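Hi everyone, thanks for coming. Have the viewer open if you can, and follow along with me.

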Amino acid sequence: MTIRLFNTLTNNIEELCPGDGKTLRMYACGPTVYDYGHIGNFRTFVQVDVLRRFLRLQGVEVRHVMNITDVDDKIIRNAAAADVSIAEYTPRFEDAFFEDLDALAVERPEVISRATECIPEMVALIQRLASQNLAYKTKDGSWYFRIAGDPEYGKLSKKDFTGINDGARIDLDEYDKDSARDFALWKAPKPGEYHWNTELGPGRPGWHIECSAMAMKYLGESFDLHAGGEDLMFPHHENEIAQSESATHKPFARHWMHVRFLLVEGKKMSKSEGNFYTLRDLLLKGHKAAAIRLLLLSNPYRHQLNFTFDGLLDATSSVERLRTFHQRILGGKFPEGANPDLAAVTDKAREDFTAALANDLNTAEALAAIFDLVRVGNVVSDSGSLLAGNAAQIIEVLDRFDAVFAVLQDRDADLTRAALAWAEREGRLDQVAASVLVQASLSDAQIDALIAERNEARRSRNFARSDGIRMELSEKGILLEDSKDGVRWKRK
Ligand code: AMP
Ligand code: ZN
């Protein structure tokens, strides 16, 4: 099936396919590791993960490159304030970023590239631009890109730059640039500031050149897709295109994907607005990572998503409903045969799911297709007419669903425990919700031991003790389900 995706460059929904007919080569802008990411950042990473997972599900090989921006103004500033080098400052936040990606079941890209490890490639790219008179050095030793040398500048964001009067801009004097719009490729160090000594002179790379150099290093001068959040379209991606295409005279990325913002009360979730939640904040309040993932991807990527706690609770019950249905089909014993009506419903869910994602990653419709199956599957199962053939077919559809949505596996308790351990290390236990502390007070082994003791108490007809244990477990957030196959438990 053809996969179609909106292309910001052409303003059209277009087929997304590997240029070489085999491997889809894609680059997605990664994090700046100066602090913990907020769930707005993770909306972008989760949506890009949906794309890569869907491509793979459809049999397309993927080579996905993501950068880590481990040098920039904020990093330099924060490291200096903490009196450590940038190399000592960033690993903690890089590690936290990957832990958060794992918690959100975001697959690792094939290549992860740190900016500080690709300085020679950036220098070479700037030299290549300079040799064409498209980069120039200012008195302070910084290098700038000459926008006037690129007639196509603005083609991604469709901004109109005519009429912008250079002379009116004060920063011309300050930076001694040829044009106010010209952007930095290489920044000369301020006194005492961290820098690299290179053929360009001392300094550090600008943010835009990082991505151009790393994308070309790992994907070649032309590749299939470039992705990032909507705020990156201008100037970051516009500048990436300008530098790369001016240097190579080849199209940089053919397809551009931009994920729209996660909002809070109508405003972009961001550090500067102070209206943000990190993943850790939410885990420590007792929310589940899988529910956060489902929330972040439930709305298609080209729609903004307003974050609310009600929305998160809805996502939590959706995850529960999906898992309960999955367990019911997986664990049930069904008579031989297949109910043809249910088989048709299951086939339709499979087709609708795939068609929705192939149509510009419509995650909302894909999810609706699966919920139709859950609804009908439950009704048919209640009536006793769900047969073994149906169960196998449903599991196959749920496996396909989960290859993209990745919410069925229950890792909640482990993730909460890891978040708690982190809060303890960081001295943030005061931010932990009481319910989380109570739940975490029992390990799985302790729960199993209490259940064994309860079974023994019931066998010896000591109902006071067995009821007491059920009560104790319930108070600690553990629900018991007595079934004919024994006692099952789950955390609330
Ligand atoms: P940063 O670490 O700030 O460079 O951002 C990492 C990624 O998160 C980029 O692709 C941003 O475009 C994206 N991003 C930042 N804020 C939001 C938001 N509120 N909603 C969605 N994506 C965002
Ligand atoms: Zn980038």
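This is a predicted model: local features need pLDDT of at least 70, side-chain atom pairs count only at pLDDT 80 or more; totals for chains, interfaces and linings use all residues.

Let's begin with the zinc ion, which is ligand 2. Which protein atoms are its donors? They are the SG atoms of Cys29 and Cys211, together with NE2 of His236. These donors lie 2.0 to 2.2 Å from the zinc. If you trace them along the chain, their spacing reads C-x181-C-x24-H.

Cysteine 29 sits in the loop between strand E3 (23-28) and helix H1 (39-57). Cysteine 211, on the other hand, belongs to helix H6, residues 207-219. That makes them 182 residues apart, so the pair links distant parts of the chain.

Are these cysteines buried or exposed? Cysteine 29 has a relative accessible area of 6%, and cysteine 211 has 0%. The cut-off for buried is under 20%, so cysteine 29 counts as buried, and so does cysteine 211.

Next stop, ligand 1. Please click on it and show its surroundings. How many residues surround ligand 1? There are 17, and the closest are Gly40, Thr44, Asp231, Leu262 and Met269.

Three of those names come up again when we turn to polar atoms. A polar backbone atom of glycine 40 is 3.0 Å from a nitrogen atom of ligand 1. Threonine 44 uses its side chain: a polar atom there lies 2.8 Å from a ligand nitrogen. With aspartate 231, an N or O atom of the side chain is 2.4 Å from an oxygen atom of ligand 1. On its own, ligand 1 has 500 Å² of accessible area, and the protein covers 90% of that.

Which elements give two or more residues to this shell? They are H1 and strand E11 (223-229). H1 gives the most, with 4 residues. Sorted by class, the shell has 6 nonpolar, 8 polar and 3 charged residues.

If you'd like one pair to find on screen, take phenylalanine 223, whose bridge partner in E12 is alanine 253. Strand E12 covers residues 253-259 and is mostly covered itself, with 6 of its 7 residues buried.

Technical notes: Residues are numbered from 1 along each chain as its sequence is written. Chains are lettered from A and ligands numbered from 1 in the order in which they are written. Side-chain values use heavy atoms; hydrogens and water are left out. Donors are N, O and S atoms within 2.8 Å of the metal (3.2 Å for Na, K and Ca); water is not among the atoms, so sites may look incomplete. Buried means under 20% relative accessible area, exposed over 50%, partly exposed in between (1.4 Å probe, protein chains only). A residue is near a molecule or strand if one of its heavy atoms lies within 4 Å of it. A polar contact is a pair of N or O atoms within 3.5 Å; within protein, one must be able to donate a hydrogen and the other to accept it, and residues adjacent in sequence count only if both atoms are side-chain atoms. Accessible areas come from the Shrake-Rupley method with a 1.4 Å probe; for residues, only the protein chains shown count as cover. Ala, Val, Leu, Ile, Met, Phe, Trp, Tyr, Cys and Pro count as nonpolar, Asp, Glu, Lys and Arg as charged, and the others, Gly among them, as polar. Two strands pair if DSSP finds at least two bridges between them.
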